[in-house]
Amino acid sequence: MKKALITGITGQDGAYLSELLLKKGYEVHGVRRRAASVNTERIGHLLRHPRLKLHYGDLTDSTNLTRLIAEIKPAEIYNLGAQSHVAVSFEEPEYTADCDGLGTMRLLEAVRLLGLAKKTRIYQASTSELFGKVQEIPQSEKTPFYPRSPYGVAKMYAFWITVNYRESYDIFASNGILFNHESPLRGEEFVTRKITRAMGRILLGTQDCLYMGNMNSLRDWGHAKDYVRAMWLILQAKKAEDFVIATGKQYSVRKFIELAAKEVGITIAWKGKGLKETGIVKSVKPVAGVTAAAVKLKKGDVIVRVDPKFYRPAEVETLLGNPAKSRRVLGWKPEISFEQLVSGMAASDLKLALAERYMSDGGYGAPKAL
Amino acid sequence: MKKALITGNRGQDGAYLSRFLLSKGYEVYGADRAGDSGLWRLRELGIEGRVKDVCLDLLELSNIMDVMDRVRPDEVYNFAAQSFVQTSFEQPILAAETNGVGVARLLEAIRKACPAARFFQASTAELFGKAGEKPLTEGIAFYPKSPYSVAKLYGHWITVNYREAYGLHASCGILFNHESPLRGEEFVTRKITTAAARIKKGLQEKVQVGNMDARRDWGFAEEYVEGIWLMLQQPAAGDYILATGETHSVREFIEAAFLAAGFKLRWTGTGEGEKGLDAATGKVLVEVSKEFYRKSEVDFLSGDAAKAKAALGWAPKVKFQELVSIMVDADIKRLEVKR
């Protein structure tokens, strides 16, 4: 039985990848950080699976990683663990470097010094944020990097140290340069999930308004479920290489908001520019599962505003990937469209909002808005 | 009086820059780790005691913040690094901490304590690694080939990012190899010139080297620190390549160094078996040892300093032959003084 070790198993990608690998018959070992609050919600449904084993650990602790790898001797390591939030990296640049950058090297070093270079394959979760201020459109494996945040710079370190260990020590180590990938499991601090979460709540009156940063940002958005399949394919390839994983299509944050709103029955009209831009309800019609009485919204309500605190110190305006190589070499292509992605997220979050509303109507706590 | 803080001031570049800034009337603070290693460089340049010592380690943010707060420098030059490529394969974490995250700590401290200070980051031609194109300019994509250069890549981009995100006057100098009599003896150039001098004086029989086909663009460190200073005098911060535009192989360096010491070399054998013989006596003076091969080699590095020339008016005058002679002569002289 093949053994896989996943760092960041409690995150969005970790959850989808665990499901995929368990389905393929792997024994899946996951590294989770010890925290005061529960962080295993995303894999809650897998916790009793006989082939899933969780270990406490941390990418900033060499002793821990080295011991885990020595004990498990995994055939595949997926390094998904990271301080993964761009805006937070401006607040915590050192931790971001330690975890996202050096953490990757700690894994590579452990594999090397344990003599597993020939046995263990390593997937490194690289990111389209490496392209930052893009040097060409669309971005491929050959496009030079231009990171725009401490997160991007730390991930760039990880990218190159992975390439360096592959070239210096002949370790099967590959980077997947993944463009934005979302799902109902995305963390609520990320813009897509923040939007879909807000739309359900705004519809039901448990949140007044959605506060946004730069809505002109263009992103190449795919579904995490499609993207974890690419990770697995990258480690099954004949040779270790780096791949761009993307849809090749691009939409603005504003478009994402419009679609998410539409899914819950809200049509938005935009007014004003820049900091003064607002999103106003043009019409509302109840969707399945929502009664007319539950809808607390009316025409003319302002439900989207701009708050400069969500601007990044250095902005990434546009990201668009060219997935030609992964299509050609791995035979990978995304199956879930942008529209399906947004509607799936919005529908899932509408259910959450309904449950919250139901709880609060029954006197069980007030839903908290972000 | 302007105040400059130099990290790694007891290294080759730090020592030359200290002397240069003192001559310009700066108050110079030398930030180095505790201990007296490297003081010989300041002594040789005649500036021992004229640089104000501050104890600073790039691993410790509170230490750096404290120093910035006390010194309030107008200019900060970051030369401190684990600067030896081979060692970085043995100590990759330390290289990353010092050469990479250490730069983030410095920038954070400057941002908080003295945001008007101008900052220089010592980037390196090693960033280009396998880039292959020639000659290399500021726009060419990097391809680092060692834990040293991956860490320096982090240092480079975090500097660019702090400039763009916070408006700091922070510049990177992408310095191609620059040598001098003050170069550490673990570096191949100085190892060769020291050996040539010692062999001439009968203190050593031969020298072992690694890949002699590696080609580099070698300049004189004393001139490079002037280019570095010029970068911080510009109204806007930016990144500049400093290089001579000429490349020579390690083999050519060896030939020139031994010639300067009075030996003409004749080569025999190939690969690991290649040897450099004294053409006059047939004695083996140079041997190849695999120990000095890198795990992943950078074969060719040549820089185009056109941007520095246009914007800073900087152009190196000391070329290859003269550089080698300066280094060999200095090493011979040191041996004569010691006697």
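Of the 370 residues in chain A, 49% count as buried, where buried takes 20 or more other C-beta atoms within 10 Å of a residue's own, exposed takes 12 or fewer, partly exposed is in between, and the C-beta atoms are placed from the backbone. Keep in mind that this is a predicted model, in which local features need pLDDT of at least 70 and side-chain atom pairs count only at pLDDT 80 or more, while totals for chains, interfaces and linings use all residues. As for labels, residues are numbered from 1 along each chain as its sequence is written, and chains are lettered from A and ligands numbered from 1 in the order in which they are written.

Now for the overall build of chain A. A compact globule of 370 residues would have a radius of gyration near 21 Å, and chain A agrees because its value is 21 Å; the radius is taken over C-alpha atoms, and the globule rule is 2.2 Å times the number of residues to the power 0.38. Along its principal axes, the C-alpha trace of chain A spans about 65 × 45 × 40 Å. Chain A holds ten helices and 15 strands, with helices (H or I, at least four residues) and strands (E, at least two) being DSSP runs numbered from the N terminus. Of the contacts in chain A with a separation of 6 or more, 76% are between residues 24 or more positions apart; a contact here means that two C-beta atoms, placed from the backbone, lie within 7 Å.

Next, look at where the two chains meet. There, 24 residues of chain A are in contact with 24 residues of chain B. On the chain A side, helix 4 (93-113) and helix 5 (150-169) each supply at least two residues, and helix 5 gives the largest share, nine residues. That side of chain A divides into 15 nonpolar, four polar and five charged residues. Here Ala, Val, Leu, Ile, Met, Phe, Trp, Tyr, Cys and Pro count as nonpolar, Asp, Glu, Lys and Arg as charged, and the others, Gly among them, as polar.

A few backbone details round out the tour. In the loop between strand 5 (121-127) and helix 5 of chain A you'll find A:P138, joined to A:I137 by a cis peptide bond with omega of about -10°. A:D170 counts as exposed because it has 12 C-beta neighbours inside 10 Å.
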